[in-house]
Amino acid sequence: MGKILLQLPEGLKTRAIKLAKELKSKGNEVVIWGERCYGACDVKTLPGYRTLHYGHSKMLDIPNVEYEPWRINKDLVPVVTKALPMLPKKVGLASTIQHSHKLGEVKDFLESHGKTAIIIPKGARCSEEGQVLGCDVSGAVAIKDDVDVFLFIGTGLFHPMGIAYYTGKEVVRADPITQEVEDVDATKWIKARALRQSKAMGAKSFGVVVSLKPGQNQMESAGKICEKLESSGYPAYIIAVDELSPDKLLGFDVDAFIITACPRIVIDDWKNYDKPVLLPEEVEEVLNTYVHKM
Ligand code: SF4
């Protein structure tokens, strides 16, 4: 019993009232957090309340914050059976937290059909093996040389595209909800990255944007990026925000922005920003390739 702040991502808000009812029936006082919540990085706390962060897996150690991941217990074998003809011998297995607990069954199934299957190890920001996040595909990168292909089980293209892009390997996506199976093509990401970078051509000053969300706050590395830019002759300014949106950067008189917050902002939303936006890892490349020193 106690005071609980219930926080859910947009896609699971339809469950909020049912969950709140259950918690209240056990004698808890409940406040539902109504603002948007993007990921395990985006944790809200209120004085006197214990936060129940629902949907995502544990990323941060924050006092009085408990994560409760949303799991889907759907049988994955039917969709993996469909993907089987597309898979070469050595298969790396990855998913999101909704299905990663079922990857052991997928491994057994594939191995009973003559494949070698490796579940990706736990990434730095993930909570368990098999899991990838939009900001962490390091588990897949770690085994890229041991597999011929990655089989990503889940919905949406962002995660498998990230695996394909950062490992350089073929990725097959199998969606257990729609039963769709497809080869994932990272060409779109590669082209978009080149276009984003070329837009930063000629930039002479930079805003380095830091989100203050607890799992996105990269103030220290933003400071290092600023130092590097300034020592190379480019004025650079740290801009702190809670939640970033294109309108918040409109008034700043710099030529380009480096976004140290969620990488999806740059990769998914770059076209919505008035000025070029870059990932931190792209700064050096852009300076060397495109930007002309003042
Ligand atoms: S930083 Fe972005 S991709 Fe990573 S957990 Fe947060 S919302 Fe998800």
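A salt bridge is a side-chain nitrogen of Lys or Arg within 4 Å of a carboxyl oxygen of Asp or Glu. The legends below describe close-up views of a predicted model.

**View 1. The salt bridge between D42 and K213.** In this pair, the closest N and O atoms are 3.2 Å apart. D42 lies in the loop between β2 (29-32) and β3 (50-55), whereas K213 lies in the loop between β10 (206-211) and α7 (219-231), so the pair ties together parts that are 171 residues apart in sequence. A search of the whole structure finds 21 salt bridges.

**View 2. The contact between domain 1 and domain 3.** The domain assignment divides the chain into domain 1 (3-69), domain 2 (77-185) and domain 3 (190-289). Between the C-alpha centres of domain 1 and domain 3 the distance is 31 Å. Seven residues from domain 1 and five residues from domain 3 take part in the contact. The size of an interface is often given as the accessible area lost when the parts come together. For domain 1 and domain 3 the buried area is about 490 Å², with 58% of it on carbon and sulfur atoms. On the side of domain 1, the residues that lose the most area to domain 3 are Y38, C41 and D42, which together account for 64% of what that side buries. Across this interface of domain 1 and domain 3 the rule finds one salt bridge. The rule also finds three residue pairs in polar contact across the interface of domain 1 and domain 3.

**View 3. The four-stranded sheet β2-β1-β3-β4.** Four strands form this open sheet, and their pairing is parallel. Strands of a sheet pair through backbone hydrogen bonds, either parallel or antiparallel. The edges are formed by β2 and β4 (65-69), each of which pairs on one side only. From one strand to the next, the twist averages 25°. Strand β1 (residues 3-7) is joined to β2 by four bridges, and the two run parallel. Within β1 and β2, L6 stands opposite I32. Helix α1 (residues 16-25) packs on the sheet and touches β1, β2 and β3. The direction of helix α1 makes about 165° with that of β2.

**View 4. The five-stranded sheet β6-β5-β7-β8-β9.** This sheet is open, and its pairing is mixed. Its edge strands are β6 (116-119) and β9 (181-184), each pairing on one side only. Neighbouring strands of the sheet are turned by 25° against each other on average, direction ignored.

**View 5. Strands β8 and β9 with helix α5.** Four bridges join β8 (residues 170-174) to β9, and the two strands run antiparallel. The bridge partner of V172 in β9 is D183. Helix α5 (residues 158-167) packs on the sheet, where it touches β5 (90-95), β7 (149-153), β8 and β9. The direction of helix α5 makes about 160° with that of β7.

Methods:
Residues numbered from 1 in each chain as written. Predicted model: local features only at pLDDT ≥ 70, side-chain atom pairs only at ≥ 80, totals over all residues. Heavy atoms only, no water. Pairing = 2+ DSSP bridges. Axes fitted to C-alpha atoms, helices over the stretch in contact; angles between N-to-C directions. Contact = heavy atoms within 4.5 Å. Domains from an automatic or database assignment. Buried area = accessible area lost by both parts, 1.4 Å probe. Polar contact = N/O pair within 3.5 Å; in protein donor to acceptor, adjacent residues only side chain to side chain.
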